[in-house]
Amino acid sequence: MSDMLSVALPKGRLGEHVYDLFEAAGFPCPSIKNPGRRLIFENEEAGVRYFWVKPSDVTVYVERGAADIGVAGRDILLEYEPDVYELCDLGIGKCRMAVAAPRDFRDDPRRTLRVATKFRHVAETFYAARGREIDIIHLNGSIEIAPIVGLSDVIVDIVETGTTLKENNLEVIETVFPISARLIANKSSHKFKNEAISRLAREIAGGRT
Amino acid sequence: MTENFSFTNDERIIFTLRALYAKYGYQPYRMRKFEEYDLYSRNKDFLVSEGVIAFTDADGRLMALKPDVTLSIIKNTRDTSPDVSKLCYDENVYRAPKGSSGYREQMQVGLEQIGGVDLCGVSEVLWLAAESLASLSDDFVLDVSHLGLASAALSPLPAGDGIRAALLKCVADKNLHGIAELARDNPLPPGMEEHLTALVEASGKPAEALTKIRALASDLGVPGAAEELATVLSVFSGTPFADAIRIDTSVTGDMNYYNDIVFRGFLREVSAPVLSGGQYDMLMRRMNRGDRAVGFAVYLDRLERLDETRPGADADVLLLYPEGTAPADVHRAVSALIAEGKTVYAAAHGAGRLSFRSTADLIDGEVIYRV
């Protein structure tokens, strides 16, 4: 394990926002602002290395120690349940996990509920807590289509503004949980790079209050 | 002489740890590969992974390839308290790791004290956990906690309550905002949020953390928990291990099985805990035993990449002999090289991608080294 702090950032707008928070917390890496096709950026002086990864992969990099820390949405943490420390709620990337259905949907408890989702574990846990029997239909994208074409009764998915649902004649019938971005840390890195990780978490938490 | 042919990484670790535990009088414990499936189905939550490889034995009994060592040891030992049985083992277990689509055979080395275990015994186990980690790496951390604190903080909520489990997970994840969220969305008993927050924040080097732990334990009405923690950790003060010991309250465990002192070991080179242990008197009760127990396991599968140094050579000498050479001539030449203390790989043509310190030809019974 090198002494440099490795940070897995989720690609996209959220990751860029997160980088700004990290920079303000004393971990700058100016080269990240001119990325080109590069995915890894280092600032030896500040002792930090950033890399862009697919948002759903951040937890994998952190749990396995390729990154010491990272930023992941609560949706990903609850779906994959990685063995990591969850140090701080960054209060950004806010949205919610919700159950949505066609506007005229009425649940018939005599039938197994067909649920289309990318979040199998989340959906199973949610309905198991209510004792509702479900049939999970695992999809990788365009979940909104499933109830329209008769593939499922409802969907469990991330809802930001609700515009996509509206345009597809769907509506939220229940919120499963609110989502925001969380600072996570590898458990071993937290022991051996405790000072840097704690300082960063403190600065970020302080910056939010 | 090339050492790579002598021991694998696993074997080296097993021998080192076995020798260490023998110094403290731990007796090697051997067990069968199979146990009755019922043993594991009754204690499913104690197992690290959910899956168990089950099969029907010749006599019709449902058996399982053991996914855990501790349960077998408890089942197969008698209550000898107030005496203590000190046992150590190196055994394969069969588990489906999280996220894996199949089972794996994983080697575990560990030890257990079963019987009239006292605080001296718990301290000895903690010391041996530290010594085990020190034998694996120069840079290790042993996190220690006392489950009595979390148990007291959560006691107003009934066991099996979903919020209680969620709060304990927040403690394990150092998730202070999660505790605050749960407190906001659910009516928690008075003081619980503050106690759990204080618990998460009471981690650090023992000297500093113990002050916070004592205050919290007193508030929770379990001052004995703090004193037990202080007592077992006192064996480290003034020793070379002192700097590697931390109180970390994120070390938790299923309270149906574990109680009191729990601990976890980390190495700088490995991204996941490599050692885990604690007192499991509650498991003993569940198995209708009145005696006490403490132990730990070292996960060898996580140590696979500990030694990343590439072997210098696979053998000292590649001895090439012409096709048709008499076996007795080859044997004589190989034996002579071994007698010189060298390792030898004899072949007619070559050895694929293996590497050697030197290459020699066997010509008319004589070993001629290539320059």
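**Note on selected helices, strands and loops**

1. Helix H9(B) passes H10(B) in a left-handed crossing, that is, the near helix is turned anticlockwise from the far one by less than a right angle (clockwise would be right-handed). The axes of H9 (residues 206-220) and H10 (residues 223-233) of chain B come within 7 Å and cross at roughly 160 degrees; axes are lines fitted to C-alpha atoms over the stretch in contact, with angles from 0 to 180 degrees between N-to-C directions. H9(B) and H10(B) are therefore roughly antiparallel, a label for angles over 145 degrees. Residues of H9(B), including B:Leu210, B:Ile213 and B:Ala217, meet residues of H10(B), among them B:Ala226, B:Leu229 and B:Leu233; contact requires C-beta atoms, placed from the backbone, within 7 Å.

2. This is a predicted model, in which local features need pLDDT of at least 70 and side-chain atom pairs count only at pLDDT 80 or more, while totals for chains, interfaces and linings use all residues. Residues are numbered from 1 along each chain as its sequence is written, and chains are lettered from A, with ligands numbered from 1, in the order in which they are written. Helices (H or I, at least four residues) and strands (E, at least two) are DSSP runs, numbered from the N terminus.

3. H4 (residues 119-136) of chain B has 18 residues and spans 26 Å from first to last C-alpha, close to the 26 Å expected at 1.5 Å a residue (1.5 Å times one less than the number of residues). Its buried residues include B:Val122, B:Val125, B:Leu126, B:Ala129 and B:Leu133; buried is 20 or more other C-beta atoms within 10 Å of a residue's own, exposed 12 or fewer, and partly exposed in between. H1 (residues 9-23) of chain B packs with H4(B) at about 150 degrees, axes 10 Å apart, in a right-handed crossing.

4. All six of the six residues of strand E1 (residues 5-10) of chain A are buried, so E1(A) is largely enclosed by the rest of the structure. A:Leu5, A:Val7 and A:Leu9 lie on one side, and A:Ser6, A:Ala8 and A:Pro10 on the other. Six bridges join E1(A) in parallel to E3 (residues 48-53) of chain A, with A:Leu5 opposite A:Val48. E1(A) also pairs in the parallel sense with E4 (residues 69-73) of chain A over two bridges; pairing takes at least two DSSP bridges.

5. A cis peptide bond joins B:Ser81 and B:Pro82, with omega about 15 degrees. B:Pro82 lies in the loop between H3 (70-76) and E5 (84-95) of chain B.

Note on methods:
Parallel < 35°, antiparallel > 145°, perpendicular 65-115°, else oblique. Contact = placed C-beta atoms within 7 Å.
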